[in-house]
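The questions below are meant for a reader who is meeting this structure for the first time.

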Amino acid sequence: SRRSLDPGSGSLAGWLATVTRRRCADHHAARARRDRDEQVFTVAIPDGAVGNHPEDATDRVVLAHELEALGDPRATIIRMAIIEDRRQQDIAHALDLPLGTVKSHIRRGLLDLRTRLEEVTA
């Protein structure tokens with residue numbers, strides 16, 4: 001903001017560059033959140049499966065939020081394994097990680113996710 005400009009701490013050009021960089025970062029973060037939320041709503045759910053009710057949209061948003069809270073690479077690996085239904089070997093190859101690391105991330109991530117979801121539903 002204009003109030004953060006302090007002529008004694010740096011140049012006007014440096015201040016403008018910092019403000020611009022932060023605004024760009026905020027814009028990209030907002031876009032990433034929006035894209036993630038859109039992806040949650042477009043996840044294909046087979047006919048006759050659980051998920052054909054409007055209440056399930058809320059569950060998907062909560063799940064997406066909790067997955068994001070796990071952080072990378074764990075959240076990415078779990079998305080690939082569960083949502084994209086990819087094999088552990090394929091994930092290891094795609095992310096250039098050892099197979100044991102992928103397996104550990106999936107196991108620990110699912111345990112963390114279960115704990116987080118239990119706290120949300122409690």
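Q: What share of the contacts in the protein with a separation of 6 or more comes from residues 24 or more positions apart?
A: This is a predicted model, in which local features need pLDDT of at least 70 and side-chain atom pairs count only at pLDDT 80 or more, while totals for chains, interfaces and linings use all residues. Residues are numbered from 1 along each chain as its sequence is written, and side-chain values use heavy atoms, with hydrogens and water left out. A contact means heavy atoms within 4.5 Å. Among contacts with a separation of 6 or more, the share from residues 24 or more positions apart is 44%.

Q: How many helices and strands does the secondary structure of the protein come to?
A: Helices (H or I, at least four residues) and strands (E, at least two) are DSSP runs, numbered from the N terminus. Along the sequence the pattern reads α-α-α-α-α. The count is therefore 5 helices and 0 strands.

Q: Which side chain meets arginine 116 in a salt bridge?
A: A salt bridge is a side-chain nitrogen of Lys or Arg within 4 Å of a carboxyl oxygen of Asp or Glu, and a search of the whole structure finds 5 of them. In this one the N to O distance is 3.5 Å, and the partner of arginine 116 is glutamate 66. Arginine 116 lies in helix 5 (residues 99-121) and its partner in helix 2 (residues 55-70), so the pair ties together parts that are 50 residues apart in sequence. The residue asked for is glutamate 66.

Q: Is glutamate 66 buried or exposed?
A: Buried means under 20% relative accessible area, exposed over 50%, and partly exposed in between (1.4 Å probe, protein chains only). Arginine 116, at 29% relative accessibility, counts as partly exposed. Glutamate 66 has a relative accessibility of 9%, so this residue counts as buried.

Q: How many residues apart in sequence are the parts that aspartate 112 and arginine 74 tie together?
A: The side chains of aspartate 112 and arginine 74 meet in a salt bridge of 3.2 Å, N to O. Aspartate 112 lies in helix 5 and arginine 74 in helix 3, so the parts that the pair ties together are apart in sequence by 38 residues.
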